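The following paragraphs lead through a predicted model. They begin with an annotated site and then turn to the interface between chains.

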Amino acid sequence: MAPGAWTVTGIRAAVAGGDLSAREVCAHYLDRIAATDGRLHAFTTVLREAALARADEVDARPLLGVPIAVKDVICTRGVPTTAGSRILAGYRPPYDATVVSRLLDAGAVIVGKTNCDEFAMGSSTEHSAYGPTRNPWALDRIPGGSSGGAAAAVAAGQAPASIGTDTGGSIRQPAALCGVVGLKPTYGRVSRYGLLAFASSLDQIGPLTWTVADAAAVLQVLAGPDPRDATASTEPPPDLSRLFPGNVRGTRIGVPRVALADGVDPEVLDAFGAALAMLSDRGAEVCDVDLPHMQYAVPVYYLVAPAEASSNLARYDGVRYGHRAKLDGAAAGVSEMYARTRSEGFGAEVKRRIMLGTYALSAGYYDAYYVHAQRVRSLIRNDFDRAFAAVDAVAMPTTPTPAFRIGERIDDPLAMYLGDVFTVSANLTGLPAISLPAGLTQARLPIGFQLVGRPFDEATLLRIGDALERDAPWSDERPPAFA
Amino acid sequence: MQYETVIGLEVHVQLHTRSKMFCGCPADYQAAEPNTRTCPVCLGLPGALPVINRRAVEYTVLTGLALNCRIPEFTKFDRKNYPYPDLMKGYQISQYDLPLALDGFLEIDGDTQLGLGRRRIGVERVHLEEDVAKLQHFPGEGYSLVDVNRSGVPLMEVVSKPDMRSAEEARQYLTLLHSIVQYLGVSTGNMQDGNFRCDANVSIRPVGSQILGTRTEVKNMNSFRAVYQALEYEVVRQREVIEDGGAVVQETRGWIEEREVTVSQRSKEYAHDYRYFPEPDLPPLRIGPERVAELAAELPEFAPQRSARFQADLALSGYDADLLAGSRSMANYFETTLTLAATAKEVANWMLGDLARLLNQDHREIDASPVTPQRLADLLALVADGTLSTSLAKTVLEEMYATGGEPADIVREQGLGQISDTGAIEAAVAEAIAANPKAVADYISGKDTAARFLMGQVMRLTKGQAQPELALRLVQEGLELQKTRGSLEP
């Protein structure tokens with residue numbers, strides 16, 4: 001299209017189609033103004049720098065037009081953000097979370113908020129006050145949790161990507177059970193400002209996608225320093241676009257065999273072994289590593305996370321926002337209002353964890369429970385640091401079993417908690433971790449393969465993940481009912 | 001039975017930073033409309049996170065240094081958990097076991113009535129936390145209002161050791177602490193506005209006993225005087241309880257100003273379990289020795305030292321020196337004026353006399369004085385070189401204060417220069433003598449005071465501008481001449 005013939009509709013089509021960049025168009029017109037306005041004097045002010053900067057902004061929108069679903073524990077301005085809880089029914093935040101602003105600036109389109117276990121506490125999305133989400137691969141089964149809605153949405157093709165949160169496995173586990181990619185970044189890689197806090201030292205926001213390259217693209221937009229989050233790293237993230245195709249020649253992968261000995265479904269173990277073999281065929285070196293304190297990860301997690309949660313959820317008191325219980329009679333005071341509001345507003349699992357956490361922090365028990373758990377947490381981290389002297393990533397199944405039926409474990413919280421055995425270590429240590437699809441069981445239920453990496457080394461996980469994904473026979477599988 | 005009083009003070013000082021402790025909201029909430037200094041962070045909205053105000057940390061370290069504290073290299077924030085409608089998050093971010101400053105002291109003169117002299121009062125710790133929102137209650141109406149403006153304002157807490165032995169010693173400690181925070185500029189330290197709050201822990205024990213008695217906490221003392229009175233009252237109350245055979249109950253008592261009594265507020269037996277744990281949203285801080293040294297270099301000379309120097313070097317009286325050193329801006333104004341070539345006594349008199357009077361009338365601080373040190377020095381120079389009499393200078397000062405003008409300009413515009421031209425005064429002398437024959441007669445018959453009267457007349461005739469000494473001399477000469485003439489009369 002010749003410059004002289006440029007029209008609004010022509011430019012729009014050319015820029016959208018990638019034939020022209022916004023900067024090219026802008027520069028052309030600025031040059032024309034410079035060449036002609038001496039004679040015409042049509043302009044009083046020319047915004048050369050500002051216009052070019054704006055054009056660059058328009059060009060640099062890596063997620064332009066990409067629909068994204070956002071887990072309902074992340075603030076979206078003016079849009080209900082319920083945390084899957086009745087206590088925030090209808091609550092509309094007056095601000096966007098940092099991750100949401102970044103997605104919008106990148107041109108993404110937020111298509112909706114996804115269902116989750118209440119306040120992200122759960123592994124099945126059965127604890128949502130708004131009803132459970134179903135697994136697209138088998139509608140009578142759980143999608144996993146707490147980011148069950150986010151995983152199911154991607155698996156069923158409702159959105160090409162979603163963002164979830166992971167405190168003890170809540171991105172990776174549902175990703176595994178729904179057959180998609182789920183990435184928990186290093187603690188501090190992504191800002192938590194605007195994330196309704198569950199456990200402040202464990203929470204992280206991350207992407208759920210069909211492919212590893214997609215996960216990298218979304219992480220690139222989410223990651224980076226944020227002056228509003230004092231726990232976010234001040235280092236800018238690396239360029240993740242040059243990782244693909246992923247090459248694993250010489251990459252060392254460690255397996256904590258002892259941890260896999262008990263309680264893992266045989267089909268999960270088989271899929272795990274097959275994935276390792278595939279990577280080995282592509283040049284990776286697989287060896288054993290010893291993580292002796294990993295056996296304490298679940299008990300440590302179930303002391304530290306509820307303790308922090310009991311404090312983080314204290315603000316839901318009915319005074320300023322959310323549900324407030326109706327009181328009968330003027331005799332009722334603030335204490336009664338608090339008690340009734342929170343009894344009515346919180347579900348059973350949340351109440352369980354608040355009580356556990358309050359107990360672990362209380363006078364006389366603080367040292368024996370909370371402090372002790374935090375100390376063991378350091379030991380778990382030391383194990384991984386030692387392992388990373390010899391390997392580049394640690395591999396484990398994401399979950400011990402594929403998706404169980406809705407209702408199957410709802411009355412057995414402990415059984416539910418024990419399912420987190422492979423995921424909680426990454427949260428306790430702050431290390432990045434990814435769950436990758438690794439095939440289906442006989443019953444056509446997805447299985448996840450997990451990698452844990454060095455701090456801020458998401459790149460290695462993405463590289464290995466891409467290598468596994470390429471030519472993997474299961475990569476084109478889709479849930480039959482939602483293909 | 002003789003009893004000894006044991007008092008410890010906890011003082012909360014609101015820091016004079018531009019923004020709040022953990023967010024960017026303006027910290028100046030006093031005059032703002034309710035709920036206009038808020039954001040998701042200080043409102044405790046879901047998803048909000050705190051970020052540390054660096055200046056507040058520096059102010060606290062400076063205060064710790066001024067109180068002779070140790071500044072540990074490693075410090076952190078902790079959550080203090082309890083539910084109340086004025087606490088937005090359901091927890092207050094404070095400091096528990098690793099505060100910013102520890103183990104300091106202040107030197108007070110001591111309560112001489114108890115035979116106690118100059119000694120150190122221990123400062124246990126200085127730590128940093130956030131203030132809470134303000135509640136307004138309407139008894140009987142069935143609702144209360146919350147103003148969140150104050151939520152998140154930085155609060156520095158100074159905890160003393162229980163080293164004070166009387167209300168007088170508490171008053172001395174408080175006054176000195178107040179002076180220090182004002183001098184540092186870390187707080188305006190205004191008790192009435194609520195930025196300098198004092199709670200006291202009081203107990204008594206038999207003299208010689210090493211065991212502490214049961215203590216009560218006394219709150220709601222809103223002035224230094226209230227602190228003094230409340231402590232005096234509480235000590236007497238506790239002694240009477242014990243002498244009546246009872247035991248002091250550990251509780252919180254509020255000072256009721258109107259009735260001048262303390263009243264039980266709630267029992268402290270079930271002390272709230274705050275479940276302190278390290279704040280996971282904020283990284284711990286490392287304040288290295290280099291940074292501490294940099295901050296220590298910023299410490300000014302405080303009031304007691306400055307006053308002592310004024311007395312020693314400038315021969316000012318203790319009273320004047322204390323007043324001038326009382327605030328950092330006063331002391332700076334004073335010293336600046338001195339560098340502009342004036343004498344200490346002169347400047348002191350004018351600052352503490354006429355200038356203070358004018359400032360007080362307007363409730364102005366010396367920083368806001370239209371009479372700058374330069375202008376004051378110029379005015380004093382005009383007095384020194386004889387251009388102005390002291391009383392005329394006072395008039396000029398009033399004009400300077402009202403208009404912000406230069407003294408020389410005012411003198412010129414109003415023709416106020418002292419007349420020292422003999423001839424001009426002689427005319428007035430002649431007129432005064434001619435108009436007051438009785439005074440002349442009095443003088444001749446021996447009443448020397450008549451000369452003063454006539455001098456007054458001369459001053460009136462010259463609109464106060466005659467140089468007084470010269471006028472008196474000329475009057476006396478004129479009267480002597482009259483005397484001589486009179487004696488020459490046949």
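In the unreviewed UniProt entry, the annotation "active site" covers A:Lys71, A:Ser146 and A:Ser170. These residues are spread over 100 residues of sequence, yet they cluster in space, with a largest C-alpha distance of 11.0 Å.

A:Ser146 lies in the loop between strand 2 (109-114) and helix 5 (148-155) of chain A. Its relative accessible area is 0%, so A:Ser146 is buried. Among the residues that A:Ser146 touches are A:Lys71, A:Asn115, A:Asp117, A:Thr125 and A:Ser170. A polar atom of the side chain of A:Ser146 is 3.3 Å from the backbone oxygen of A:Ala120.

A:Ser170 occupies the loop between strand 3 (161-166) and helix 6 (172-178) of chain A. A:Ser170 also counts as buried, because its relative accessibility of 6% falls under the 20% limit. Its contacts include A:Lys71, A:Gly122, A:Ser146 and A:Thr165. The side chains of A:Ser170 and A:Ser146 make a polar contact at 2.9 Å.

Attention now passes to the interface. Here 29 residues of chain B are in contact with 33 residues of chain A. The area buried between the two chains is about 2500 Å², and carbon and sulfur atoms give 59% of that area. On the side of chain B, B:Pro46, B:Leu49 and B:Arg275 lose the most area to chain A, together 24% of what that side buries.

The count between the chains is 16 residue pairs in polar contact and one salt bridge. A:Arg192 forms a salt bridge with B:Asp281, with the closest N and O atoms 2.9 Å apart.

Conventions: Residues numbered from 1 in each chain as written. Chains lettered and ligands numbered in written order. Predicted model: local features only at pLDDT ≥ 70, side-chain atom pairs only at ≥ 80, totals over all residues. Heavy atoms only, no water. Contact = heavy atoms within 4.5 Å. Buried area = accessible area lost by both parts, 1.4 Å probe. Salt bridge = Lys/Arg side-chain N within 4 Å of Asp/Glu carboxyl O. Polar contact = N/O pair within 3.5 Å; in protein donor to acceptor, adjacent residues only side chain to side chain. UniProt positions renumbered as here; feature names shortened; annotations may be inferred. Helix = DSSP H or I, 4+ residues; strand = E, 2+ residues; numbered from the N terminus. Buried < 20%, exposed > 50% of the residue type's maximum accessible area, 1.4 Å probe, protein only. Lists of a residue's contacts leave out its neighbours within four places in sequence.
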